[in-house]
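Here's a quick briefing to read with the model open beside you. Have a look at the fold first, then work through the points below.

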Amino acid sequence: MVNFGALWLPILLSAVLAWIASAIAWTASPHHKSDFRGVSDEDSLLNELRKQNLKPGQYWFPFYTNPKDADKPEIAQKLEKGPVVLTVWPPGKPAMGKSMILSLVFNLVVSFMVAYVVGRTLGPGTAYLSVFRVAATVAFLAYSFALLPDAIWFGTPWRRTWKSFADGLVYGLLTGGVFGWLWPA
């Protein structure tokens, strides 16, 4: 078992490296450029949606609360026609600063949890590769596997999910590398 105080540097450094890798993945790398699409008559659609005065959140069409209602002919027909789910953000330019800070906080939490698991399962002086394996696996699980339920249940496109899954693998490998490198002797 390793004292948590000895792991503050790998926690901070791995979180920052994952954060930088995420920024590169979303700003400089081309693989996320196709994650979102436009519509043919954007102005018309947006004007109709504005009339609804939608608050930020997720909307389900047609809306029903009893799962048995999905079998009703009028609801089943609407479900067949679609669309079914719509996510609405607040109006205005996205708050990148706030999102970047929250992303870093998330990375710190992941690195903290990695430190907890690795620090409780491996002792001081453990070989780099052993530390790397455990830390990278735990970080990969945290960064990637939470994405799957949104694809399974809420329609996040699988292509986007797999790209983000791969990003999580990179973040996990970076985290494992930092923990292995800075592991206490």
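Asparagine 53 counts as exposed, because its relative accessibility is 54% and the cut-off for exposed is over 50%. Its backbone is worth a look too: asparagine 53 has a positive phi of about 50 degrees, even though it isn't a glycine. You'll find asparagine 53 in the loop between helix H2 (42-51) and E1. Keep in mind that this is a predicted model.

**Cis peptide bonds**

- Phenylalanine 61 and proline 62 are joined by a cis peptide bond, with omega at about -15 degrees.
- Proline 62 sits in the loop between strand E1 (57-60) and helix H3 (73-81).
- Glycine 82 and proline 83 are also linked by a cis peptide bond, and here omega is about -10 degrees.
- As for proline 83, its spot is the loop between H3 and strand E2 (85-88).

**Overall layout**

- The protein has seven helices and two strands, and starting at the N terminus the order is α-α-β-α-β-α-α-α-α.
- The radius of gyration is 21 Å, whereas a compact globule of 185 residues would come in near 16 Å.
- Among contacts between residues at least 6 apart in sequence, 76% join residues at least 24 apart.

**Core and buried residues**

- Of the 185 residues, 28% count as buried.
- The largest nonpolar core is made of 18 residues, and Val114, Val118, Phe179 and Trp183 have the most contacts inside it.
- Helix H1 (8-27), helix H4 (96-121), helix H5 (128-144) and helix H7 (158-181) are the elements that give two or more residues to this core.
- Setting aside neighbours within four places in sequence, tryptophan 183 touches a list of residues that includes Val2, Leu7, Val118, Leu122, Pro124 and Val131.
- Threonine 161 belongs to helix H7, and it counts as buried because its relative accessible area is 3%, with the cut-off for buried at under 20%.
- With neighbours within four places in sequence left out, threonine 161 is in contact with Leu147, Leu148, Ala151 and Thr156.

**Surface and charge**

How values were computed:
Residues numbered from 1 in each chain as written. Predicted model: local features only at pLDDT ≥ 70, side-chain atom pairs only at ≥ 80, totals over all residues. Heavy atoms only, no water. Helix = DSSP H or I, 4+ residues; strand = E, 2+ residues; numbered from the N terminus. Rg over C-alpha atoms; globule rule 2.2 N^0.38 Å. Buried < 20%, exposed > 50% of the residue type's maximum accessible area, 1.4 Å probe, protein only. Contact = heavy atoms within 4.5 Å. Core = buried A, V, L, I, M, F, W, Y, C linked by side-chain atoms within 4.5 Å.
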